[in-house]
Amino acid sequence: MKNPHFGAEQTPVYPFNSADELTALCDQHGLSIAEIIIANENTLRPEKETRAALDSIWEAMQQCVHNGCHHHGTLPGGLQVKRRASAIFQNLSTHPEAALADPLTILDWVNLYALAVNEENAAGGRVVTAPTNGAAGIIPAVLHYATRFKHSPHTTKDKPRDAVHRFLLTAGAIATLYKKNASISGADVGCQGEVGVACSMAAGALVDYLGGNHHQVENAAEIGMEHNLGLTCDPVGGLVQIPCIERNAMASVKAINAARITMSGDGTHFVSLDKVITTMRETGKDMQEKYKETSRGGLAVNVVEC
Ligand code: SF4
């Protein structure tokens, strides 16, 4: 296909099909994963358009968290699930001194960001699909955590938004590895393909944000999936509410922990991201159909609907 801007073939400058190939490209050309992706995107459109799109994605994520923090009441669908984000937001905002006594208050904020997004999703609000709507809270929660609580060496006076762009580009690169080699669908491979993939994306992207190298990004992404392997999809009542909303909060914290474990090492590790992706695909294949978005197994049959 012709490039509408440049009239060239739409061939990526740096093609890759696996994490090994991607990190080898980074080694060979001295580039980060985000730089590899932006070079590939530049064959499709001018770079400023890609960066404007990334800004608009981040803007939509922030708006979604804001909306979730200010909407009250019960979610639609009949389960009578009460929204929790607004009360948590109110509590955290009106008692800032509590954070002095409990350093884990930061986790309350991470939980809040994820709950806010997934409550918006359950209510039909606007979310950024990342990589699915059911798992839409994890990337925004971890990116909110990063921008509010952590410094990035990629944030400079000249490039104030570079760290956020890199986060999203790195997360996207990780998602493509799952899309190419496994699946990002709960109906295909269970929740490991949705919440697991989002956790992996966020873990790797956070490492880049914190200044980790591409081997550390690969390491964190691998940890983010390894501990979600076998996660089933069993939404109560067929609604993306229980366990989905809380599950996004849990996976956001897991992603942050994966990044922290990784940043304490040098990126060398035993299980590769490619191997964990293969394992996820095969585990999904072996999973009984009732655990793949059918609401015929797991919590969906053991929780009595009111
Ligand atoms: S349990 Fe199923 S519907 Fe809910 S987030 Fe996971 S994959 Fe999506």
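In which helix is the place of Ser 252? In this predicted model, Ser 252 has its place in helix H12, which comprises residues 244-263.

**Two residues in their surroundings**

Ser 252 is buried, because its relative accessible area is 0% and the limit for that class is under 20%. Its side chain reaches the backbone oxygen of Asn 248 at 2.7 Å. Once the neighbours within four places in sequence are left aside, Ser 252 is in contact with Val 110, Ala 114, Gly 137, Ile 138, Ala 141 and Val 142.

Asn 133, by contrast, is found in a loop, the one between helix H6 (105-122) and helix H7 (138-149). With a relative accessible area of 33%, Asn 133 is partly exposed, since that class covers values between the 20% limit for buried and the 50% limit for exposed. The side chain of Asn 133 is joined to the side chain of Thr 129 by a polar contact of 2.6 Å. Apart from its neighbours within four places in sequence, Asn 133 is in contact with Asn 118, Asn 121 and Val 127.

| Pair | Kind of distance | Value |
|---|---|---|
| Ser 252 and Asn 248 | side chain to backbone oxygen | 2.7 Å |
| Asn 133 and Thr 129 | polar contact between side chains | 2.6 Å |

**The ligand shell**

Glu 194 is also one of the residues around the ligand, and the others are Gly 134, Cys 191, Cys 233, Asp 234, Cys 244 and Arg 247.

**The largest pocket**

The largest pocket holds about 730 Å³ of space. It is lined by 33 residues, of which Ile 37, Glu 41, Gly 172, Ala 173 and Thr 176 are the closest to its centre. Helix H2 (33-41), helix H3 (47-70) and helix H8 (162-181) each contribute at least two residues to the lining of this pocket, and the largest share, nine residues, comes from H8. The lining of the largest pocket divides into 21 nonpolar, eight polar and four charged residues.

Conventions: Residues are numbered from 1 along each chain as its sequence is written. This is a predicted model: local features need pLDDT of at least 70, side-chain atom pairs count only at pLDDT 80 or more; totals for chains, interfaces and linings use all residues. Side-chain values use heavy atoms; hydrogens and water are left out. A residue is near a molecule or strand if one of its heavy atoms lies within 4 Å of it. On a 1 Å grid over the protein atoms alone, a cavity is a set of points where a 1.4 Å probe fits but cannot get out, and a pocket is an open set with protein on both sides within 12 Å along at least five of seven lines; lining residues have an atom within 4 Å of a point. Grid points are joined across faces, edges and corners, and a volume is the space filled by probe spheres set on the points. Helices (H or I, at least four residues) and strands (E, at least two) are DSSP runs, numbered from the N terminus. Ala, Val, Leu, Ile, Met, Phe, Trp, Tyr, Cys and Pro count as nonpolar, Asp, Glu, Lys and Arg as charged, and the others, Gly among them, as polar. Buried means under 20% relative accessible area, exposed over 50%, partly exposed in between (1.4 Å probe, protein chains only). Contact means heavy atoms within 4.5 Å. A polar contact is a pair of N or O atoms within 3.5 Å; within protein, one must be able to donate a hydrogen and the other to accept it, and residues adjacent in sequence count only if both atoms are side-chain atoms.
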